[in-house]
Amino acid sequence: MKKYLAATAIAFCFATAAQAEGQLNITAWAESMSPALIEKFSKANDVKVNVDSFTSNEDLLTKLQAGSSGYDVATPSHHFLRVMIDEGLLENFDAKTLKAFQNVDERWRNQWWDETQDYSIPFAYGTAGFVVNTEQYKGPTDSFKYFFEPEGDLKGKIALLGQPDEVIGAAQLYLGVPFCTEDQAEMKKVLDLLMAQKPSVAVYSSDNIASRLASGEVSAHFWWDGDSLRARAGGSPVSLAMTKEGLVGWMDSMVIPKGAANKENAIKFIEFMSEPENATEQMNYYAHSTPVKVIQEKVVYTKDKAPELYPEVPITFSRTCSPAAQDLVTRVWTQLLQ
């Protein structure tokens, strides 16, 4: 009987392992992964791929902090990636030894958010700023002044994201306040600016931005470059403002959450998505810039067709702030939304 039970237990372990080898659970920014590539990977590796989505780095961080997320791959932005590494929420899969790492543009290797390149492979990058409906607003857009201190057609017709991350950063760029400042007086300037803007804000939301702009519900919305590009390519009368103060930069990377059940499949997927052919298809789908090698002649969003992806204004990347600095950001946002 003991031998039978042992054999049954071993069989069960093998069955569980075999089942795990056929699964991959991904959480990524909403609509960021090419469905065609997901299907291609699934068929090529005989893996069932489940894709979930998140709409803010804060939500993803909360999920991973809770433990046992069930995810094998996630795509946090760079400054939250640093937090996740520091908190021990990610697997060290020695990313720099992968073939995928060799396909990463050298300027994006070993950056401060993952200096040793043990935990991540860059996936996509871009900017955040404000986008206008050009049929409703025909005024100047070369400064954040027109967004944070709206007049005329923009009064009551602007919208911000539902979380502080890049919005606070843009306000800091406009005011000349350093990212991650711990100076309460400096952050009071940010709060005062956003409070003065508030009567003109129709909504604070990260959902349904494309339809909100296209329908004319709002004339300007804080948004991301690639999303704006996709909307414009789809026929919406939208344009990303190239503000002289610059734009807020971001970089998303592929990581493996701690305790992932399907780590081998996660690594296979990261390698797969970083192959030039697949990276090209992903860029053409997502409409954001890619930090890995692509096949240039197959790239749809070239500079002449997609100026959103090739800004000529300064780009300032979000930073991972100290607890004291982050607390000031949270306090500003909380007071704003009260």
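Predicted model: local features only at pLDDT ≥ 70, side-chain atom pairs only at ≥ 80, totals over all residues.
A polar contact is a pair of N or O atoms within 3.5 Å.

**Entry 1: serine 56**

I looked up serine 56 and found it in the loop between strand 2 and helix 3 (57-66). Buried or exposed? Serine 56 is buried, with a relative accessible area of 4%. A polar atom of its side chain lies 3.1 Å from the backbone nitrogen of aspartate 59. That distance passes as a polar contact, because the cut-off is 3.5 Å. I then left aside the neighbours within four places in sequence, and serine 56 is in contact with Trp29 and Gln163.

I went through the pairings one at a time. Strand 1 and strand 2 run parallel and are joined by 7 bridges. Glutamine 23 stands opposite lysine 48 in strand 2. Strand 1 (residues 23-29) also pairs with strand 3 in the parallel sense, over 2 bridges. Here threonine 27 has alanine 74 of strand 3 as its bridge partner.

**Entry 2: asparagine 133**

I found asparagine 133 in strand 4 (residues 121-133). Asparagine 133 counts as buried, at 2% relative accessibility. Its side chain reaches the backbone nitrogen of glutamate 135 at 2.9 Å. Leaving aside neighbours within four places in sequence, I listed what asparagine 133 is in contact with, including Leu213, Val218 and Pro237.

I followed strand 4 to its partner. Strand 4 and strand 9 pair in the antiparallel sense over 7 bridges, and tyrosine 125 stands opposite methionine 251 in strand 9. How many residues of strand 9 (residues 247-254) are buried? The count is 8 of its 8 residues, and strand 9 is mostly covered.

On to strand 10: 3 bridges join strand 9 to strand 10, and these two run parallel. Glycine 249 stands opposite phenylalanine 317 in strand 10. I looked at what else phenylalanine 317 is in contact with, again leaving aside neighbours within four places in sequence. Among them are His78, Trp108 and Phe179. I also compared phenylalanine 317 with alanine 279: they are 38 residues apart in sequence and 23 Å apart in space, C-alpha to C-alpha.

**Entry 3: the disulfide**

I searched for disulfides and the count came to 1. Which cysteines does it join? The disulfide joins cysteine 180 to cysteine 321, with 2.1 Å from S to S. The link of cysteine 180 and cysteine 321 is left-handed, with -80° about the S-S bond.

Cysteine 180 lies in the loop between helix 7 (165-175) and helix 8 (184-197), and cysteine 321 in the loop between strand 10 (315-317) and helix 13 (323-337), so the pair ties together parts that are 141 residues apart in sequence. Cysteine 321 counts as partly exposed, at 23% relative accessibility.

**Entry 4: one side of helix 11**

I picked helix 11 (residues 263-273) and noted its buried residues: Asn265, Ala266, Phe269, Ile270, Phe272 and Met273. They cover an arc of only 160° around the axis, which puts them on the same side of helix 11. I get the spacing now: an α-helix has 3.6 residues a turn, so residues three or four places apart point the same way.

Most residues other than glycine have a negative phi. So I looked up two residues that go the other way. Aspartate 94 has a positive phi of about 50° although it is not a glycine. Aspartate 94 sits in the loop between helix 4 (78-86) and helix 5 (99-102), and counts as partly exposed at 31% relative accessibility.

Glutamine 117 has a positive phi near 50° too. Its place is in the loop between helix 5 and strand 4. Glutamine 117 is buried, with a relative accessible area of 3%.

Technical notes
Residues numbered from 1 in each chain as written. Heavy atoms only, no water. Pairing = 2+ DSSP bridges. Helix = DSSP H or I, 4+ residues; strand = E, 2+ residues; numbered from the N terminus. Disulfide = S-S within 2.5 Å. Buried < 20%, exposed > 50% of the residue type's maximum accessible area, 1.4 Å probe, protein only. Polar contact = N/O pair within 3.5 Å; in protein donor to acceptor, adjacent residues only side chain to side chain. Contact = heavy atoms within 4.5 Å. Arc of directions from axis to C-beta.
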